[in-house]
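Hi everyone, thanks for coming.

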Amino acid sequence: MQNHVPNRIANILINALKGGVVPRVGLEYVTVGRANEIAAILHDIEMIEDGGASFRFIVGKYGSGKSFLLQTIRNYATAKGFAVVDADLSPERRFAGTKGQGLATYKELISNLSTKSKPDGGALPLILEKWLSGIQAEVACRGDNLPPAEFNQAVEERIYAVASSLEGMVNGFEFAKAVALYWRAYREDDSALKSNVLRWFRGEYPSRKEAKADLGINFVVNDETWYDFLKIFAAFLVGAGYKGLLVVIDELVNIFKIPNSITRANNYEKILTMYNDVLQGKAKHIGFLMGGTPQCIADKYKGVFSYEALKSRLAEGHFATEQVKDLTAPIIRLQMLSQEEMYILVEKLQNIHAGLFGYSPTLTHEDLLYFLTVEYNRVGAESHITPREIIRDFIELVNILHQNPHMSVAEILGGNSFEMAKGGLSEEVIHEDFKEFEF
């Protein structure tokens, strides 16, 4: 039985999926399949919580559900008490570049910093203030009605004690100093200082000179240091009560598309640094999920595998196949959803659409089979059809049916649509092809 989906969530789901994009909320209502892949990544998340680190590539064709899976894991991680940062790569956002593209990626990641109580990004001020409130409460529990001056001194000492654990990390001293400055701004209600410290954390200071003038910190995040800064954030977040930091980066294909081979190699070098840190135990409480297409991974001229050091680490062994996969490997390759899973998905979508617009679902089991049969038997569908296209077509179908209740599914799909797609096969063959759906 379909769980009731709140109208606000249903509206986001239907509009996003019709537009071919992955919604950031409500994915639990439409998730089907991927059980083994999700289980493997959730095991990684448990390792991150225990102080480890992980690195995975999620690889799938356009429209195969790659971004959907990444978003599902993102939502699970925030619900479990992790902080999550995510970004899509683009020509302006890369891992490295000569025009600040690495810093641009960092800025996007921190802008999208999300937690359970702030799932849509922009959680940095909330995290800092929650951490400071927690320290104040801790000091208040230990102190015996300290006068304000002594209380503030005790809080500051505690802040420095916690922040000092960061000082052994690269640029950790500057990070700790910024945290202490934020406490001062918080205590004195100095909104200008608060704003400046947040700008510094977000990588928005253009030069060390300006940061030194405003904050007394002779350091800014840049293209070279942004990844080290993410590792400091992970350590800080654990000290602030979170389970760890998950870094989700999609559209890896934009590295593959870089025309200059030296620039591409610099980006792959940055990926190699992250990967090595994870495997060698240098990174803690942090996980990386990177989404890309099969070509942007395997292409020997421009893909990840064009960088020999990465290829030697990531290439599959001799025994895994499409049917028998090793889900502990660094690359998880997504197969298309099966026809059975697509049937379950369109059934869920029909119920969500009906709940949103306040009508009883009208499509029968046979109607759903008919729709899927037409979709799967279009010219070229065997190699090119994707869940994204089927979902978009199905939402269009239920929209038209709702707006034109006098029409039938066959009229909308076209009276001869099945014969054209299937070559005139009979109704019996439809049921033979889809007999696995006869629940």
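Predicted model: local features only at pLDDT ≥ 70, side-chain atom pairs only at ≥ 80, totals over all residues.

Residues are numbered from 1 along each chain as its sequence is written, and side-chain values use heavy atoms, with hydrogens and water left out.

Let's start with the pocket. On a 1 Å grid over the protein atoms alone, a pocket is an open set of points where a 1.4 Å probe fits, with protein on both sides within 12 Å along at least five of seven lines; lining residues have an atom within 4 Å of a point. How much space lies in the largest pocket? About 700 Å³, where volume is the space filled by probe spheres set on points joined across faces, edges and corners.

Its lining has 37 residues, and Val22, Gly65, Lys66, Ser67 and Phe68 lie nearest the centre. At least two lining residues each come from helix H3 (66-79), strand S2 (83-88), strand S3 (245-250) and helix H18 (387-403). H3 gives the largest share, eight residues. Helices here are DSSP runs (H or I, at least four residues), as are strands (E, at least two), numbered from the N terminus. By class, the lining has 16 nonpolar, nine polar and 12 charged residues; Ala, Val, Leu, Ile, Met, Phe, Trp, Tyr, Cys and Pro count as nonpolar, Asp, Glu, Lys and Arg as charged, and the others, Gly among them, as polar.

Now the helix pairs. H18 comes back here: its axis and that of helix H16 (residues 365-376) come within 11 Å and cross at roughly 135°. Axes are lines fitted to C-alpha atoms over the stretch in contact, with angles from 0 to 180 degrees between N-to-C directions. Leu368, Phe371, Leu372, Glu375 and Tyr376 of H16 meet Glu389, Ile390, Asp393, Phe394 and Leu397 of H18, contact meaning heavy atoms within 4.5 Å. That contact has seven nonpolar, no polar and three charged residues.

Next, helix H7 (residues 172-188) packs on helix H10 (residues 226-239) at about 50°, axes 10 Å apart, which makes H7 oblique to H10. Here Gly172, Phe175 and Val179 of H7 meet Phe229, Ile232, Phe233 and Phe236 of H10: six nonpolar, one polar and no charged residues.

Last, helix H5 (residues 124-142) and helix H8 (residues 191-201) pack at about 115°, axes 11 Å apart, so H5 is roughly perpendicular to H8.

Thanks, and I'm happy to chat!

Methods:
Parallel < 35°, antiparallel > 145°, perpendicular 65-115°, else oblique.
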